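Subject: Structure handover

Hello,

Here is the structure for you to look at. My notes on it follow below.

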Amino acid sequence: MIMAEKKLNVLFIASEAAPFVKVGGLGDVAGSLPYAIAALPEGPDIRMAIPLHKAIDQTKYTLETVTSFDIAHKNGPITAEVFQTELNGLTIYLISGEPVAEADLVYTADTRADGKKFTFFSLAVLELCKQLDWQPDILHAQDWHTAPAVYALKTILKDDPFFAHTATLLTVHNLPYLGNGAGPALKAFGLKPAKKSNLPKWAQDMPLPLGLLTADKINTVSTGYAQEMLTPEFGSGLQKFLKTRKKDLVGIINGLDMDAWNPASDKAISANFTSDTLQDRGKNKRALQKELELPQDTDAPLLAFIGRMDHQKGIEIALEALRKVSDLSWQAIILGTGDPDIEARAEALAEEFPQNIRTIIRFDGALARRIYAGSDMMMVPSRYEPCGLIQMIAMRYGSVPVARATGGLRDTITDYKEKGKSTGFLFKKAKPRAMAKALRRALAVFPDRQEWEQIQIRDMAQDFTWQNSAVQYLDIYLSLLKSE
Ligand code: GLC
């Protein structure tokens, strides 16, 4: 007799998810991946939970009250309130409570407060499953913020029959953010350090390491980064420990929302285009030069940087590299915000080269789109990059990446050396000299318009759809199913 198979229950938990709230790349992933998994032919009953951050505009969504309950804390129970909404067919739970409601920002510099907020959220998510009598087969957590849920299942809830069949997957989007300083918060909610574990002593009370210790499976967002994580340069001090988990660690590259990022229909750009109408792309370049008061020179290669100005993104490497190639003719646009020191350096360079460099210190989504559509090259000098989104968007818009060969950048870009296949220009060392060399290589090819167009056409033809990743996540879920 063939038994009707029960649908797989998956709970996807994250600290942020577009369009509700987005600070970084994790928000993009949580805003796409669960939907892509739900849309698969054998798709599970996947639901998502995020904290009801202040930054979420509650007037934009219909939030229904689901339930409320208490979470135990050493200073007395804290009430969690749960709301529910539907978006594109997906059920989303938004969880509030004093530690969430108190915080003005999604992430603050106060690691203790953040620790309390996200540990509270992680534990509330688990209690919610009980209240709903909805047993997850898979708990899929992201980064340090939701890692406490993974750890709780393997410690304080390990004998709870309700979760007897719940397996865990922890996805690492950004390894260096370990949740340092959240230890006391974990303890206050009853989650004790993992003494006598394989973890280095200093990491035994940190959320991400504890999640990595206890998750049934771990993945990160590219195969390149999955390997790099095991090395001293990228392992954040956990490389030795991570090696003990190597057989449970895989890489799955993120996708790109191909509809949200489409030069053929993007309303924010001057002229829409496809790889068949690349000549129209030039209008975007001219419009951009005009807007930013750069000389209207179509032959001058237009370089760009878009992104957070912090250590990870390596913008200082690009600033120095630009100086090193200042004997050549080009223009550059730098857009982003972040560390005030780095912002100041980017502004200083524009002052030094007023003819050809513009620095714009702000977050500006529409301008970013005009830059993707109008620039010739996108500089992505990241010191580390688990996956990276900028390079994928740039390629989709025909802006050729000049990028550091690391993590997801290395996995998504093929260097110019591989003639006939190349989609960009890569450099190995996170050093201005290495980047300047790659820039010189790119600048040397650029005047050969036919050759350059071939690279652009290959870039624009790449398939970054989320479906590819979704299939791989579903495979992991299925491999983790515990027998009933
Ligand atoms: C983090 C990583 C970035 C990745 C994103 C989504 O922001 O730094 O490389 O693309 O997470 O996974």
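The domain assignment of the protein chain gives two parts: domain 1 covers residues 9–255 together with 467–479, and domain 2 covers 275–463. Please keep in mind that this is a predicted model. Taken over C-alpha atoms, the centres of domain 1 and domain 2 are 33 Å apart.

The interface between the domains

Where the domains meet, 19 residues of domain 1 are in contact with 16 residues of domain 2. The two domains bury about 1200 Å² between them, and 50% of that area is on carbon and sulfur atoms.

As for polar interactions, nine residue pairs are in polar contact between domain 1 and domain 2, counting pairs with both residues at pLDDT 80 or more. One salt bridge is found across the interface of domain 1 and domain 2. Glu 233 and Arg 404 form a salt bridge, with 3.4 Å between their closest N and O atoms. The cut-off for a salt bridge is 4 Å, so a distance of 3.4 Å counts as one.

Which helix gives the largest share of the side of domain 1 that touches domain 2? That is helix 8 (residues 223–228), which provides five residues. The residues on this side of domain 1 divide into six nonpolar, 10 polar and three charged.

The ligand

The residues around the ligand include Gly 25, Leu 26, Val 29, His 173 and Asn 174. Val 221, Asn 254 and Gln 312 also surround the ligand, as do Glu 385, Pro 386, Cys 387 and Gly 388.

His 173 has a polar side-chain atom 2.6 Å from an oxygen atom of the ligand. For Gln 312, a polar side-chain atom lies 2.8 Å from an oxygen atom of the ligand. With Pro 386 the atom is a backbone N or O, and it lies 3.4 Å from an oxygen atom of the ligand.

Two backbone details

Most residues other than glycine have a negative phi, and most peptide bonds are trans. Two places in the chain depart from this pattern. The peptide bond that joins Ala 18 and Pro 19 is cis, with omega about 0°. Pro 19 is in the loop between strand 1 (9–13) and helix 1 (25–30).

The other place is Asp 143, where phi is positive, near 55°, in a residue that is not glycine. Asp 143 is part of helix 5 (residues 143–154).

Regards

Definitions and conventions. Residues are numbered from 1 along each chain as its sequence is written. This is a predicted model: local features need pLDDT of at least 70, side-chain atom pairs count only at pLDDT 80 or more; totals for chains, interfaces and linings use all residues. Side-chain values use heavy atoms; hydrogens and water are left out. Domain bounds come from an automatic or database domain assignment. Contact means heavy atoms within 4.5 Å. Buried area is the accessible area (1.4 Å probe) that two parts lose on being put together, summed over both. A salt bridge is a side-chain nitrogen of Lys or Arg within 4 Å of a carboxyl oxygen of Asp or Glu. A polar contact is a pair of N or O atoms within 3.5 Å; within protein, one must be able to donate a hydrogen and the other to accept it, and residues adjacent in sequence count only if both atoms are side-chain atoms. Helices (H or I, at least four residues) and strands (E, at least two) are DSSP runs, numbered from the N terminus. Ala, Val, Leu, Ile, Met, Phe, Trp, Tyr, Cys and Pro count as nonpolar, Asp, Glu, Lys and Arg as charged, and the others, Gly among them, as polar. A residue is near a molecule or strand if one of its heavy atoms lies within 4 Å of it.
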